Amino acid sequence: HDKWEIDPVELVLKEVLGAGQFGVVRRGVWRGRIDTAVKMMKEGTMSEDDFIDEAKVMTQLQHQNLVQLYGVCSKHRPIYIVTEFMKHGSLFNYLRRTSPDQLGHAVLLDMCIQVCRGMAYLERHNYIHRDLATRNCLVGDENVVKVADFGLARYVLDDQYTSSGGSKFPIKWAPPEVLNFTRFSSKSDVWAFGVLMWEVFTCGKVPYGRLTNTEVVNRVQHGQVLEKPKGCLDEIYKVMRLCWGQTPEIRPPFRVLKEELTTISQRVLAD
Ligand SMILES: Cn1cc(-c2ccnc(-n3ncc4cc(C(C)(C)C)cc(F)c4c3=O)c2CO)cc(Nc2ccncn2)c1=O
């Protein structure tokens with residue numbers, strides 16, 4: 001019996017949470033008491049057999065800042081992907097609907113540190129996210145923030161999303177080596193983390209505003225990076241700049257970023 005296989009009989013489906021990349025996602029109650037989110041995979045959106053193979057690895061990735069994969073219902077179609085439930089939805093929406101004064105610098109920095117902890121865990125396990133952004137992080141009680149949908153990008157069948165020339169490719173979160181050679185690594189996740197920090201400290205602004213993808217690619221390839229968010233501390237912006245090193249080698253790993261941000265947080269909190 002594959003322990004990552006969930007019996008759909010044990011799932012009671014509730015309200016729709018949203019329509020994700022792969023189809024409708026609903027809240028579900030598992031075994032009578034466990035709150036979950038259930039992705040009901042629309043046919044043809046994902047290479048399902050490859051994903052089901054990977055699911056056993058993904059269920060082993062467990063960290064307080066990663067949205068836990070509980071398992072899959074793969075004995076029927078559509079398959080279900082069952083994960084931990086986060087009651088406040090995406091970090092992107094949470095930032096945009098929560099007024100800035102409610103989110104002081106200490107809270108914004110703490111959110112970035114939580115994401116960094118989750119990403120340092122993935123880095124330690126040589127696991128690449130490939131689409132880190134505030135839209136792919138989720139918020140729970142007491143401003144708990146967790147990284148969601150890590151690794152799933154590999155199973156998307158829509159080549160508008162998977163090819164760097166496609167209309168759905170996350171250009172604004174991609175470093176030069178991904179734009180030029182789609183060369184993903186934990187260091188390309190670090191670049192995306194810098195953009196995520198910029199999203200957090202602008203309370204959910206869209207990076208590079210209304211620039212077209214072509215204009216963004218030109219800027220990134222010429223070393224032009226995002227400006228310091230209004231009111232953002234210089235030492236926090238400096239960490240963002242470290243994430244935007246032109247080549248992956250000069251960007252710090254997540255375990256170093258975590259130490260940097262924690263040190264700043266202790267100083268900021270002391271003030
Ligand atoms: C776990 N979880 C997932 C979601 C939820 C709902 C709809 N779409 C999604 N998304 N969003 C994005 C997404 C992105 C991908 C990439 C491969 C990385 C491109 C792959 C996905 F499969 C999803 C997905 O399923 C999610 C994210 O997986 C919402 C939750 N919670 C709430 C609470 C209140 N209101 C709304 N959502 C929640 O707790």
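User: How do helix α3 and helix α6 cross?

Analyst: Two packed helices are described by the angle between their axes and the distance between the axes. Here α3 (residues 105–124) and α6 (residues 186–201) have axes that come within 10 Å and cross at roughly 165°. That makes α3 roughly antiparallel to α6. Angles under 35 degrees count as roughly parallel, over 145 as roughly antiparallel, 65 to 115 as roughly perpendicular and the rest as oblique. Axes are lines fitted to C-alpha atoms, for helices over the stretch in contact, and angles run from 0 to 180 degrees between N-to-C directions. Helices (H or I, at least four residues) and strands (E, at least two) are DSSP runs, numbered from the N terminus.

Analyst: Two notes on the source. This is a predicted model: local features need pLDDT of at least 70, side-chain atom pairs count only at pLDDT 80 or more, and totals for chains, interfaces and linings use all residues. Residues are numbered from 1 along each chain as its sequence is written, and side-chain values use heavy atoms, with hydrogens and water left out.

User: Which residues of α3 and α6 meet?

Analyst: Contact means heavy atoms within 4.5 Å. On the α3 side, the residues include Leu 108, Leu 109, Cys 112 and Met 119. Their counterparts in α6 include Phe 193, Leu 196 and Met 197. By class, this contact of α3 with α6 has 11 nonpolar, two polar and two charged residues. Ala, Val, Leu, Ile, Met, Phe, Trp, Tyr, Cys and Pro count as nonpolar, Asp, Glu, Lys and Arg as charged, and the others, Gly among them, as polar.

User: At what angle do α6 and helix α9 pack?

Analyst: The angle is about 30°, and the axes of α6 and α9 (residues 254–270) are 10 Å apart. The two are therefore roughly parallel to each other. Ser 186, Asp 189, Val 190, Phe 193 and Met 197 of α6 touch Phe 254, Leu 257 and Leu 261 of α9. This contact has six nonpolar, one polar and one charged residues.

User: Now the sheet. What is the order of its five strands?

Analyst: Strands of a sheet pair through backbone hydrogen bonds, either parallel or antiparallel. Two strands pair if DSSP finds at least two bridges between them. This open sheet has the order β1-β2-β3-β5-β4, with antiparallel pairing. β1 and β4 stand at the edges with a single partner strand each, so one side of each is left without a neighbour in the sheet. On average, neighbouring strands are turned by 25° against each other, direction ignored.

User: How many bridges join β1 to β2?

Analyst: Seven bridges join β1 (residues 11–20) to β2 (residues 23–30). A hairpin of two residues links them. Ala 19 stands opposite Val 24 in β2. Further on, five bridges join β3 to β5. There, Thr 36 has Glu 84 in β5 as its bridge partner.

User: Which side chain does Lys 39 meet in a salt bridge?

Analyst: A salt bridge is a side-chain nitrogen of Lys or Arg within 4 Å of a carboxyl oxygen of Asp or Glu. The structure holds 15 salt bridges. Lys 39 meets Asp 149, at 2.9 Å from N to O. Lys 39 lies in β3 (residues 34–40) and Asp 149 in the loop between β7 (145–147) and α4 (159–162), so the pair ties together parts that are 110 residues apart in sequence.

User: Where is the cis peptide bond?

Analyst: It joins Arg 77 and Pro 78, with omega about 0°. Pro 78 is in the loop between β4 (69–73) and β5 (80–84).
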